[in-house]
Amino acid sequence: MATAVITPERENYLNREYGIKSWLLTTDHKRIALLYLMSITFFFFIGGFFALLIRLELLTPAGDLVQADTYNKLFTMHGQVMIFFFLIPSIPAVLGNFLVPLMVGAKDLAFPRINLLSWYLYIIAGIMMLHCIVTGGVDTGWTFYTPFSTAFSNTKVIEAGLSIFIAGFSSILTGLNFVVTIHRMRAPGMTWSRLPLFIWAHYATSIIQLLGTPVLAVTLVLVVFERVFHLGIFDPTRGGDPLLFQHLFWFYSHPAVYIMILPAMGVVAEIVPCFSRKRIFGYKAIALSSIAIAVFGFLVWAHHMFVAGISLYSALVFSALSYLVAVPSAIKVFNWTATMYKGSITFSTPMLYAFGFIGLFTMGGLTGLFLAALGLNVHVTDTYFVIAHFHYIMVGGAVMGYLGGMHFWWPKISGRLYPEWLGKFAALIVFLGFNLTFFPQFILGYMGMPRRYWQYPPEFQVLNVLSTAGSTILAVGYVLPMVYFLWSMRYGKLADDNPWGAAGLEWQTASPPPTFNFDHEPEVTWEAYNYDQIPAPPEEVSVER
Amino acid sequence: MFDNLPLWPARASSGAGNVDALYIFLVLVAGFMCVAIFSLIVLFALRYRRQAGREAEQIEGSNALEITWSVVPLGIFMVIFAWGAVIYFQERTPPRGATEIYVVAKQWMWKLEHVEGQREINELHVPVGRDVEMIMTSQDVIHSFYVPAFRIKQDVLPGRYTTAWFRATKPGVYHLFCAEYCGSQHSGMIGQVVVMEPAQYEAWLSGGNTSGSLASNGQNIFQQLGCVTCHRADTQGRGPNLVGVFGKPVMLEDGRTVVADENYIRESILSPSAKVVKGFKPIMPVFQGLVSEEQLTELVAYVKSLSAPPGAAGTKVQESKVQ
Amino acid sequence: MSDSPVAVEHHGPELRHHFSSVEQQRDAASLGMWLFLGTEIMFFGGMFCAYLVYRLWYFKEFAAGSRSLDIWLGTINTIVLICSSLTVALGVRAAQMGKRALLVILLVLTLIFGLAFLGIKGVEWHAKYKEHHIPGASFDASDLVRDYPQIHIDQSHEQIYFSLYFAMTGLHALHMIIGVGIFTYLLYHAARGRYGPRYYTPIELGGLYWHFVDVVWIYLFPLLYLIDRKPLG
């Protein structure tokens, strides 16, 4: 395959049109992906700022940085912003939007205007959330438990609830677009078994988005109605049941965590084969396990409620099912590791992030086994053990997957190379900072420190100080990529079509791609991950000559 | 052992050791899995790093491996599930004859009442070696009763009772935390459980001021509110005879049979038409809004005392007061 | 990579450029609409779950509340919606057969039926308002307590019934209003001859949406209006 020589003047999706209108009214999935990139990065730093304030407060046992009410708003909004405005969109809305059409060989997603609508809904929701934050915020915890959220909290529950409702709609439309595109717009020869696993992962994610998010939507609607009209659906003093809220809430919010992790798993499934120069081990197993996670993920929600007052027998059922859902994830980890066997491995920045993902996701996933064990759950639920568990998966897993993916596809997206040594350095900082921040929290949790505590008994201080120290390191690790990605857009070396020598249709078009993705409609006659046919790139990642 | 290592709280209950044992087992399993995976990755990364003259070997997969590493973890998981389930079953099944403590949680304090009438705020005195069952409700939002040293936790809900139990095994003072976010002072809703030697506990019990045992207070309310008019101790009353009813099955008008537990008694007072006893008419007035949580606790204790065998441990009710 | 030119027959302006054929575009649109309706099923499903739980617990109050609804108006509304689904289905057929005038008439009829439904709903809600059955500060079900002394109604449970009644019929009515908006748009373009045998996708998709809203009502009607209509013993 000849490497296409690109010159800066060649037309691509970035330079085809200039001006604000061409961006704000675009229907090009690649531009929309960049719009999302800017927005979610903004919200990531808002949520991260709240996290830093939380960690600063927790340096000392006494509540001395902010007031209790402020602290309660900080952790609530950290959760809401990070989950709904960063994690859930992140990989699908940025990398998915950019890559799904390219990977299946299409010119765009099935519904480009709905894609743009999806971004606008996200922005409207984001503005509402920002308004909510600056006009007083919300203090219910991101979980909105009733009757506190419906009858006791004096904060802007309605505005936050409506904001998340709209953001959910954005998520649903993205999922809808992906499913239809994957079903109906694959290029000739691109059969289901030739699809990259990134696509399988996004397909499974989209199913969850479509089926789960509406339940959150109606739950939020009922909470808003209850607050506005003083109903009693979830309020025991008016005949309602607070546990009904929890069931409805977790019915979405548990599958939501799979929305957050499956795309990252898809990213890892692209990176590891490329930097091992071999076909992924167990393609079918990994594809099917993505679907299995999506299906089983809907059956385990009440493992968040083992001490909430559910019956012993329900608890037994949900615990057993929770162990079932762990199996497909384990299968993936084993297959990725086996892919490295007898490979030819390079330690590029994306590969470092993939290693970090596998390690940290394994640790986070294994601690899920602790939480699914009923007798142990009683002691560790609602403590820092849970916080450590989900941050290992969401930050150690999903965010590292996101960063790995950003580095891997950056040349395709921007046509530029980021500085590789800085990339590796930042990856290391993120890894170290992350572990220092969150590993002590496992111990804190088992020792009994409850979550959402503004002040705490002095014996928990040492571990909290370690955790805060780690968080400052982690922050540096996150700022670095933002800086050098921006720098690279102007000063980075130009990239050619396929600097990594990777498999996949997206690498067979220019970097950055033309607006309609391919000069000629692709016709696929090879299997996925055909690394036996693709020569490895030279040691130095290829640049424009 | 290991009580001085700041890795876990003191082990001060009969169940704590079981929970820790499962925890340690899981730490070992997780540790082993991590070491295994990490070593393999490091090993492969070094052994198979890119070298001149060596190509990667294209390996499709292996069904045998897929099956093995699906079935083996599943088997281990089922062991963990069973172990955790057994402990949970023990945690959620209070032993018979446990001493009862009634707990009312409110923003942002714990109100605890001993059956003998002792009232405590944010502090619970218990004797070592005695089974203690807490019957808990909330006055407002959801709270959660958490004693790390006992490894117990149970959400406390408004509108119903939930229970938890423990048997303290080591004298000492242990943290009591609220573990379900409940508003402003959630992290201030901290108390302590004081575990005493039996002799000291008896001294404490008799030394404190009591305003009558829970059951005797309940009996007073029972008379004041006129319950006694219909709920006579014979079959002539317009309401069912309550002597001996607690803990037994009750047949309802609509054909269902329910057990008369604390929640049943409470619901019958607050919303009597929900479960009407077979053979009786739904004429009992609604007491929702007319009784406080504490009064409800006392009424429940009174009805329970009508079923206690004479001289039962912990429910010291004078026989002569039973109608 | 194949170099075959994209088979561009004489397609109308309706073929969007990222699709390679009209069939692909129609298939994609249809699949998209069915998936969207799937999400709507999950949306209403959450409320049906809440309804299920409370009906099991508070059956007596649900039965009393149900009897306080006007079964005749509810039945008329059901017939109105079923008729409107008929006109919608016939409208899709008219579009497929290129009968513009018939299509316009059927769309107008559909709109009339839809507005009739909303009007009748408004009448019912107004009656509830008069009877103080709207949940909230002014809720008062003492009339039901008086009417059914033998079942000893708990007013807080009764309010749950009406909360769910208004939430479910309210969200349904909102979907109807959106449907009326969609069909107004379709009527406008149908009148200008935009739809015919070659391109009737919007009519088809709008029709699917309308049928869905109708089906939701078919479930709401028995669940809300027909609980235990036999004489109370």
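Reader: In what order do the elements of chain C run from the N terminus on?

Author: From the N terminus on, the elements of chain C run α-α-α-α-α-α-α, and the secondary structure of that chain comes to 7 helices and 0 strands. Helices (H or I, at least four residues) and strands (E, at least two) are DSSP runs, numbered from the N terminus. This is a predicted model, in which local features need pLDDT of at least 70, side-chain atom pairs count only at pLDDT 80 or more, and totals for chains, interfaces and linings use all residues. Residues are numbered from 1 along each chain as its sequence is written, while chains are lettered from A and ligands numbered from 1 in the order in which they are written.

Reader: What makes C:F19 a buried residue?

Author: A residue is buried if 20 or more other C-beta atoms lie within 10 Å of its own, exposed if 12 or fewer, and partly exposed in between, with C-beta atoms placed from the backbone. C:F19 has 22 other C-beta atoms within 10 Å and is therefore buried. The residue is placed in the segment before α1 of chain C, and buried residues make up 37% of the 233 residues in that chain.

Reader: Which residues is C:F19 in contact with, leaving aside its neighbours within four places in sequence?

Author: With those neighbours left aside, C:F19 is in contact with C:Q24 and C:Q25, where contact requires that the C-beta atoms of two residues, placed from the backbone, lie within 7 Å.

Reader: Which elements supply the side of chain C that touches chain A?

Author: On that side, α1 (22-57) and α6 (155-191) of chain C each supply at least two residues, and the largest share, 16 residues, comes from α1(C). In total, 31 residues of chain C are in contact with 36 residues of chain A. By class, the side of chain C that touches chain A has 16 nonpolar, 12 polar and 3 charged residues; Ala, Val, Leu, Ile, Met, Phe, Trp, Tyr, Cys and Pro count as nonpolar, Asp, Glu, Lys and Arg as charged, and the others, Gly among them, as polar.

Reader: How do you know that α9(A) and α10(A) are roughly antiparallel?

Author: Axes are lines fitted to C-alpha atoms, for helices over the stretch in contact, and angles run from 0 to 180 degrees between N-to-C directions. Angles under 35 degrees count as roughly parallel, over 145 as roughly antiparallel, 65 to 115 as roughly perpendicular and the rest as oblique. The axes of α9 (residues 242-276) and α10 (residues 283-296) of chain A come within 11 Å and cross at roughly 175 degrees, and the two helices are therefore roughly antiparallel to each other. Their contact is made by A:Y258, A:L262 and A:A269 of α9(A) together with A:I286, A:S290, A:I293 and A:A294 of α10(A), a set that divides into 6 nonpolar, 1 polar and no charged.

Reader: What makes β4 and β7 of chain B edge strands?

Author: In the open sheet of chain B, 5 strands follow the order β4-β10-β9-β6-β7, with mixed pairing. Two strands pair if DSSP finds at least two bridges between them, and β4 (123-127) and β7 (152-156) of chain B each pair on one side only. Within the sheet, 2 bridges join strand β6 (residues 143-147) to strand β9 (residues 172-178) of chain B, and these two run antiparallel.

Reader: Is A:F144 buried or exposed, and why is B:N122 described otherwise?

Author: A:F144 has 25 C-beta neighbours inside 10 Å and so counts as buried, whereas B:N122, with 15 other C-beta atoms within 10 Å, is therefore partly exposed. A:F144 has a positive phi of about 55 degrees although it is not a glycine, and B:N122, also not a glycine, has a positive phi of about 60 degrees.
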